[in-house]
Amino acid sequence: MRIHLIVQLLAGLALATFVPGQVQAQTEPAQPAVQTSQSKFIGRVVAATGSVTIEHVSAVVVQAGLPDKLPQTQVGDPVYLGDVVQTGADGRVGINFTDGTSFNLSSNAKMAMTEFVYDPNGKSNSTLLKLTNGTFTFVAGNIAKTGDMKIDTPVATMGIRGTTPRIEISEDGTVKFATLVEEGKSKVRKTGTRTTQQPEQNPLHKFNPNICRGC
């Protein structure tokens, strides 16, 4: 009987030596880890208010236990190819891209970075941004001027050539498109797939699309 008790005590001491580390590893919350080193950097957040999130779709998950809720986007956060930017009812965000394009998203807006190829010395620059809903105002950068910049909407894919557009996508899928031009010329507006041309009533300097470039 005494020998049996000694064996049990020794076994208990051995378990006490090794088990605590395992128990601690099980009780500590899993830390989220997302590897973004393979993602392509294409821009940075320069303004953010209210509810704004960026989903890094192309990021590689290297550890389980990621939080269900995306972290709040902050000024200075990077934007990668494949990311999905979304704003809430009180959210607004401004993003500057590496080619000089500046994008502003209003409340309840969603945009996906589908394609972005830019080389200051290249000849095959291109970008494709997919807008799902919300209002967007932006100043086109070097890709629009020297390459191929396209904006995809629920009704059509638009080619951008160095203009300052404003795109509004309603919940019912209606798309309104306006581009600003020099004073004395005309403003082109598109609703859905229809295009109408109206005379410019106000000079350009009276229109403020609230573009955030370099702020």
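Biologist: Which residues is Thr 53 in contact with, leaving aside its neighbours within four places in sequence?

Modeller: Leu 70, Pro 71, Thr 73, Val 84, Val 85 and Gln 86. Contact means heavy atoms within 4.5 Å. This is a predicted model: local features need pLDDT of at least 70, side-chain atom pairs count only at pLDDT 80 or more, and totals for chains, interfaces and linings use all residues. Residues are numbered from 1 along each chain as its sequence is written, and side-chain values use heavy atoms, without hydrogens and water.

Biologist: Why is Thr 53 called buried?

Modeller: Buried means under 20% relative accessible area, exposed over 50%, partly exposed in between (1.4 Å probe, protein chains only). Thr 53 has 19%, so the residue counts as buried. Thr 53 sits in strand E3 (residues 52-55). Strands (E, at least two residues) and helices (H or I, at least four) are DSSP runs, numbered from the N terminus. The protein has two helices and 16 strands.

Biologist: Is Val 84 buried or exposed, and how do you know?

Modeller: Its relative accessibility is 14%, so Val 84 is buried. Val 84 lies in strand E6 (residues 84-87). Residues up to four places away not counted, Val 84 touches Thr 53, Ile 54, Glu 55, Val 57, Lys 110, Met 111 and Ala 112.

Biologist: Why is the pair of Phe 97 and Phe 116 called stacked?

Modeller: The centres are 5.7 Å apart and the planes 25° apart. That angle is under 30 degrees, so the pair is stacked. Phe 97 lies in strand E7 (residues 92-97) and Phe 116 in strand E9 (residues 110-117), so the pair ties together parts 19 residues apart in sequence.

Biologist: How do you know whether Phe 97 and Phe 116 are buried or exposed?

Modeller: Phe 97 has 6% relative accessibility, so Phe 97 counts as buried. Phe 116 has 4%, so Phe 116 is buried too. Phe 97, Phe 103, Phe 116 and Phe 138 form one aromatic cluster.

Biologist: Which residues touch the most other members of the largest nonpolar core?

Modeller: Phe 103 and Met 111, out of 30 residues. Strand E10 (residues 126-139) gives the largest share of this core, four residues. A nonpolar core is a set of buried Ala, Val, Leu, Ile, Met, Phe, Trp, Tyr and Cys residues joined through side-chain atoms within 4.5 Å.

Biologist: What lines the largest cavity?

Modeller: Phe 97, Asp 99, Thr 101, Phe 103, Phe 116, Thr 127, Leu 129, Ile 143 and Met 149. On a 1 Å grid over the protein atoms alone, a cavity is a set of points where a 1.4 Å probe fits but cannot get out; lining residues have an atom within 4 Å of a point. The volume, about 30 Å³ here, is the space filled by probe spheres set on the points, which are joined across faces, edges and corners.

Technical notes: Rings of Phe, Tyr and Trp (its six-membered ring) pair if their centres lie within 6.5 Å; planes under 30 degrees apart count as stacked, over 60 as edge-to-face and the rest as tilted. On a 1 Å grid over the protein atoms alone, a cavity is a set of points where a 1.4 Å probe fits but cannot get out, and a pocket is an open set with protein on both sides within 12 Å along at least five of seven lines; lining residues have an atom within 4 Å of a point.
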